[in-house]
Amino acid sequence: MQMRNDAVGERAVRAPWWFRVSAALMPAGTLAQFLLAGQALFHDSDFWGLHGALGGSLSIPSATLLVGALCRRRLRHFAWGATLVFVFYALQVALAAGRLPMALSLHPFNAGLLLIASLLLLTKIEGQATRAAVKASALSSASKMLGTVP
């Protein structure tokens with residue numbers, strides 16, 4: 001009889017693909033926003049339209065991260081990071097929508113905070129995926145040595 005080892009804990013399971021993709025889109029989109037803003041300021045003001053469109057589209061991955069972390073039990077340990085990313089994103093939209101000079105002057109600073117928070121969240125998610133792969137590999141190796149199937 002072959003034994004099955006289910007010792008891999010809930011936290012060692014990889015996050016779903018849609019959560020990982022959303023986490024990767026946030027820093028990539030934020031970096032693209034910096035690029036578009038620079039192009040609009042120093043090259044062609046038509047880039048402001050793309051900057052606004054991309055900024056609005058980032059609502060999808062930020063909301064996906066928040067809802068996923070709050071509603072999926074195995075993603076709850078990402079809730080603080082996902083909430084922080086969502087709050088910085090919402091603040092970013094509010095700062096841009098205000099059109100007040102003080103609010104607009106804080107817009108690039110908040111974008112930097114959003115980039116840092118999204119990179120930290122992505123690192124945490126990918127670190128979990130790496131730990132899960134290492135743990136699964138170790139269990140598989142141990143099972144082979146013991147003559148059992150994982």
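Two rings of Phe, Tyr or Trp (for Trp, the six-membered ring) count as a pair when their centres lie within 6.5 Å, and a pair is edge-to-face if the planes are over 60 degrees apart. In this predicted model, that rule picks out two aromatic pairs. Take Trp-18 and Phe-19: the ring centres sit 5.9 Å apart with the planes at 90°, so this pair is edge-to-face. The ring pairs join Trp-18, Phe-19 and Phe-78 into a cluster.

Phe-19 is buried, because its relative accessibility is 0%, while Trp-18 comes out as partly exposed with a relative accessible area of 23%.

Phe-19 and Phe-78 turn up again in the largest nonpolar core, which has 19 residues. Along with Met-26, Leu-65, Val-85, Leu-121 and Ile-125, they touch the most other members. As for Leu-121, once neighbours within four places in sequence are set aside, its contacts are Leu-65, Phe-78, Gly-81, Ala-82 and Val-85.

Now for helix 4 itself. The buried residues of helix 4 are Ala-79, Ala-82, Val-85, Phe-88, Tyr-89, Gln-92 and Leu-95. After helix 4 comes Arg-99, which has a positive phi near 60°.

Technical notes:
Residues numbered from 1 in each chain as written. Predicted model: local features only at pLDDT ≥ 70, side-chain atom pairs only at ≥ 80, totals over all residues. Heavy atoms only, no water. Phe/Tyr/Trp six-rings, centres within 6.5 Å; stacked < 30°, edge-to-face > 60°. Buried < 20%, exposed > 50% of the residue type's maximum accessible area, 1.4 Å probe, protein only. Core = buried A, V, L, I, M, F, W, Y, C linked by side-chain atoms within 4.5 Å. Contact = heavy atoms within 4.5 Å. Helix = DSSP H or I, 4+ residues; strand = E, 2+ residues; numbered from the N terminus.
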